[in-house]
Amino acid sequence: MKTIEDLVTEHAAFRDLDAAQRALVAGCGRNRSFRDGEVLMREGEDANEFFAIRKGRVRLSVHLPERGETVIETLQEGEIVGLSWLFPPYKVRFDARAIGTVHTISFDGKCLRGKCDADPRLGYTLMKSFAGIMTSRLQSTRLRMLDVFGAPGGAAAD
Amino acid sequence: MAAALHAAAEHTLPQFMRVRARRQELADTWTLEIDPGGPFEFLPGQFNMLYAFGIGEVPISISGDPARPERLVHTVRAVGRTTQALAALGRGARLGVRGPYGAGWPLDAAPGADVVVLAGGIGLAPLRPALYRLLAERARFGRVSLLYGSRSPQQLLYASELRRWRSRFDIEVEVTVDTAGPEWRGNLGVVTKLLRRSSFDPANSMVLVCGPEVMMRHVATDLAGIGVPPARVFISMERNMKCAVGFCGHCQYGSAFVCRDGPVVPLERLERLLGVREL
């Protein structure tokens with residue numbers, strides 16, 4: 001049976017951490033699974049937890065009164081659900097819901113923030129990894145804003 | 001001189017052909033099956049100039065199966081006067097066809113390598129002949145992956161074929177859309193994200209890319225980031241092609257004429273130019 005440390009070692013989000021750092025991070029984690037449709041986190045809740053997806057797919061959405069649940073993005077194996085635990089006011093901004101069965105490592109954000117404050121090297125390495133994730137999501141969002149598949153262009157616009 | 005002019009005229013004279021069948025793919029996109037009147041040989045990735053009489057002529061990629069030269073297939077997105085006229089051609093209607101033109105996908109360039117086919121939107125049409133050939137000659141390649149991004153689930157081109165390919169065990173098919181409702185159980189996000197999830201070997205793969213130019217620029221950056229050599233990446237360029245034989249210069253892109261030197265070109269040849277805004 002795999003330990004949480006093994007699962008952290010296997011996960012793409014923690015590949016830049018050394019063994020000692022992974023052990024520290026694993027100390028704040030536990031195994032959690034979700035059934036189809038189950039909510040991992042809900043907008044407005046305290047952001048004290050985040051998830052590293054091991055298997056399955058999660059949709060991030062926001063509820064709009066006039067449109068109901070509006071999906072923003074899907075995340076899957078190797079990705080992180082929840083970034084709001086890193087910064088004040090530590091509030092969840094979007095709903096996260098399982099599509100099918102989802103297996104995760106769930107992390108106590110408060111616990112990890114404490115370890116990062118106590119060990120700046122861990123804090124820097126982890127922050128660098130999460131900055132990469134945030135940059136990638138920002139770039140993806142900007143690209144989607146362009147609606148490149150909607151607009152005709154080039155020779156097609158005869 | 002006269003001989004050269006004669007040869008040029010031969011290359012630029014359309015043949016008259018008739019539409020054999022027409023199928024609506026999407027709200028603004030139709031596939032025309034054209035009777036070429038005999039075998040119409042082409043390379044995956046090549047294009048024809050299609051002429052709607054009295055309206056105009058446009059370059060459209062061939063989207064059919066190269067192993068079935070008796071069926072000439074084009075998928076047309078109706079976005080302007082000529083493409084609207086072409087898309088409206090019913091069974092038996094006549095059109096002008098000249099081609100095939102240009103360089104195709106170099107499927108023989110990397111025997112045994114993994115092949116990634118990355119398409120965005122209507123960009124799947126020029127790649128479909130390559131997919132047919134890859135699947136027909138499956139044993140010659142390593143892993144084969146199709147990564148396809150579209151605007152929404154309703155805008156997925158060749159949806160039934162995508163389902164069929166997904167059910168095969170010898171090709172990985174990953175689809176993502178930009179927007180969808182909560183009933184969509186697939187990926188939602190940019191197509192470039194699929195690259196990081198796919199299981200190909202970056203150091204021993206060939207990547208074929210077709211889609212909007214901004215998508216291809218981002219794909220190029222991401223492929224470099226995961227270690228795919230630019231020499232193994234091929235993109236299909238879209239430019240304002242008129243003569244299609246490298247005479248008129250309308251499709252000039254740096255030192256290349258897209259109609260003659262492309263539309264499929266190695267990324268390493270055009271990578272620098274992709275960032276030049278004036279081109």
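Reader: What should I know before I start?

Author: The model is predicted, so local features need pLDDT of at least 70 and side-chain atom pairs count only at pLDDT 80 or more, while totals for chains, interfaces and linings use all residues. Residues are numbered from 1 along each chain as its sequence is written, and chains are lettered from A and ligands numbered from 1 in the order in which they are written.

Reader: How many residues of chain A are in contact with chain B?

Author: In chain A, 22 residues are in contact with 34 residues of chain B. Contact means that C-beta atoms, placed from the backbone, lie within 7 Å.

Reader: Which element of chain A gives the most to that side?

Author: E4(A), with five residues. Strands are DSSP runs of E, at least two residues, and helices are runs of H or I, at least four, numbered from the N terminus.

Reader: Other topic. How do the axes of H3 and H4 of chain A cross?

Author: The axes of H3 (residues 109-118) and H4 (residues 120-145) of chain A come within 5 Å and cross at roughly 120°. Axes are lines fitted to C-alpha atoms, for helices over the stretch in contact, and angles run from 0 to 180 degrees between N-to-C directions.

Reader: Which residues meet there?

Author: A:Lys115, A:Cys116 and A:Asp117 in H3(A) meet A:Leu122, A:Gly123 and A:Leu126 in H4(A).

Reader: And chain B, how many helices and strands?

Author: Eight helices and 15 strands make up its count. The C-alpha trace of chain B spans about 55 × 40 × 40 Å along its principal axes.

Definitions and conventions: Two residues are in contact if their C-beta atoms, placed from the backbone, lie within 7 Å.
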